[in-house]
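Dear colleague,

Here is the structure I said I would pass on. My notes follow below it.

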Amino acid sequence: MTKEAKTAVIIPAAGSGKRMGGGIPKQYGNLGGMSILARTVKAFADLNEIHQISIVTNEDYLERCRLELKNLGLMSKVREILTGGQERQDSIYRAIQRLPEDVDLVLVHDGVRPFVTGEVIRRTIEAAKLHGAAVAAVPVKDTIKMAEENLLTKTLDRRSLYSVQTPQGFRKDLLVHAYDEAYRKNYYGTDDAVLVEKVGEKVHIVKGDYNNIKITTMEDIVFGEAILGGWIENSRSIGFSSLDDIKMEPEEAAPGEEGETRIGTGYDVHKLVRGRKLILGGVEIPFERGLLGHSDADVLTHAVMDALLGAAALGDIGKHFPDTDEKYRGISSITLLEVVGSMLTSKGYCIVNIDATVVAQKPKIAPHISDMISIMARALKMEEKRINIKGTTTEKLGFCGRGEGIAAQASVLIKRRI
Ligand SMILES: Nc1ccn([C@@H]2O[C@H](COP(=O)(O)OP(=O)(O)OP(=O)(O)O)[C@@H](O)[C@H]2O)c(=O)n1
Ligand SMILES: C[C@](O)(CO)[C@H](O)COP(=O)(O)O
């Protein structure tokens, strides 16, 4: 699926909030000057990657919902506000059945998870584009046990347990099929992924956020106020750790490998042709020609990925993202870079630094370098100061000098941290 995939969000907000209690459904409770639901809608409305929003809510609150969103200027992407059903699943199914033809990807996000970040949403979108189904999740922190009649029966292995959140993102056809099957066979799930699992499809995990809480009981309001009040940020500033510092899939290093440093190099060339965009380091550079390739042909990002994979002895991009696979046609190389970053993280590596050179007679690279660095640093979840990008010409010599193509090379240093 290409990066232009049309993405819709369904926000179920039709629950009665039995566990919270109180006089109004919790999604209409006030959190820092706006309702919990409005805060949730804003998180999606603010993102360019989101094209339309369907909200499902309680019949008596339809008008209130519309008015608040209108007053906050949040209606522009809202396609419709519908009345919900008996269960969360029923509410979502109502919206699914009304999705327009041209939607490619669907995210489902609880109306009562107002602290979802753009990063988590983007990660879910990219993984859903790549794999068809993806959910945000965080590793559990407690030991989880099973019990019957107040007696423990089993202790589960925490290393394979995750607390699953929303957004949950799916290719539309997959989600529609999973929901249709659930109603045909008459089963219910507590999330959307389980319905997709039941039709035999794989659902991938992306890193969620411990702040992305579902406001369920009164204590969650207290956590919510703490998040809004900046407590989490303050704690981070004094060196406390959050999920960003924790690996999702830790893998034990072989004895003696801890702290091992490794280097990798990457080199790539693409031809310049008319009628294509020129993308380098995730930045679209205005130029009369662009690079030809199966993906977006971002030669710089390809060289960096090859260097990273090489350093970790994981092969090369051709092995992981073959140009014979339609799934990668037109894909953003930055999406692939995120995948490569996760592969290194799961092997226990962190990236010490990246140094890369773009070899192009034209256009000038220098004005775009800082944008390239910030896009790549975000994709690899590393500090910008650890990335260096340079541009050079070949004094009009060779294929780069004649403007027939652009080359890039990269060197990286990685280090085992476990
Ligand atoms: N029939 C329902 C039930 C739930 N939801 C929505 O699904 C999300 C997650 O559900 P939950 O936290 O369980 O909300 P409630 O069902 O309202 O809570 P409770 O189970 O305590 O009644 C919420 O945004 C909720 O409004 C919905 O759209 N339709
Ligand atoms: C979808 C969900 O938020 C994932 O954690 C959760 O399963 C919703 O459950 P609820 O019982 O409707 O709160």
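**Helix α5 and its surroundings**

In this predicted model, the buried residues of α5 are K172, L175, A178, Y179 and A182. Seen down the helix axis, these residues fall within an arc of 135°, so they line one face of α5. The face turned away from that buried side carries the exposed residues D173, R184 and K185.

The helix itself runs over residues 172-185, 14 residues in total. From first C-alpha to last it reaches 20 Å, close to the 20 Å expected at 1.5 Å a residue. N186 follows α5 and has a positive phi, near 65°. The cover over the buried residues of α5 includes α3 (88-96), β6 (105-108), β10 (162-171) and α6 (193-198).

**Ligand 1**

Ligand 1 is surrounded by 22 residues, the closest being P12, G15, K18, R19 and S91. By type, the shell divides into six nonpolar, ten polar and six charged residues.

**Nonpolar cores**

The largest nonpolar core has 57 residues, and I10 and I55 have the most contacts inside it.

Regards

Terms used. Residues are numbered from 1 along each chain as its sequence is written. Chains are lettered from A and ligands numbered from 1 in the order in which they are written. This is a predicted model: local features need pLDDT of at least 70, side-chain atom pairs count only at pLDDT 80 or more; totals for chains, interfaces and linings use all residues. A nonpolar core is a set of buried Ala, Val, Leu, Ile, Met, Phe, Trp, Tyr and Cys residues joined through C-beta atoms within 7 Å. A residue is buried if 20 or more other C-beta atoms lie within 10 Å of its own, exposed if 12 or fewer, and partly exposed in between; C-beta atoms are placed from the backbone. Helices (H or I, at least four residues) and strands (E, at least two) are DSSP runs, numbered from the N terminus. The expected span of a helix is 1.5 Å times one less than its number of residues. The arc is that of the directions from the helix axis to the C-beta atoms. Two residues are in contact if their C-beta atoms, placed from the backbone, lie within 7 Å. A residue is near a molecule or strand if its C-beta atom, placed from the backbone, lies within 6 Å of it. Ala, Val, Leu, Ile, Met, Phe, Trp, Tyr, Cys and Pro count as nonpolar, Asp, Glu, Lys and Arg as charged, and the others, Gly among them, as polar.
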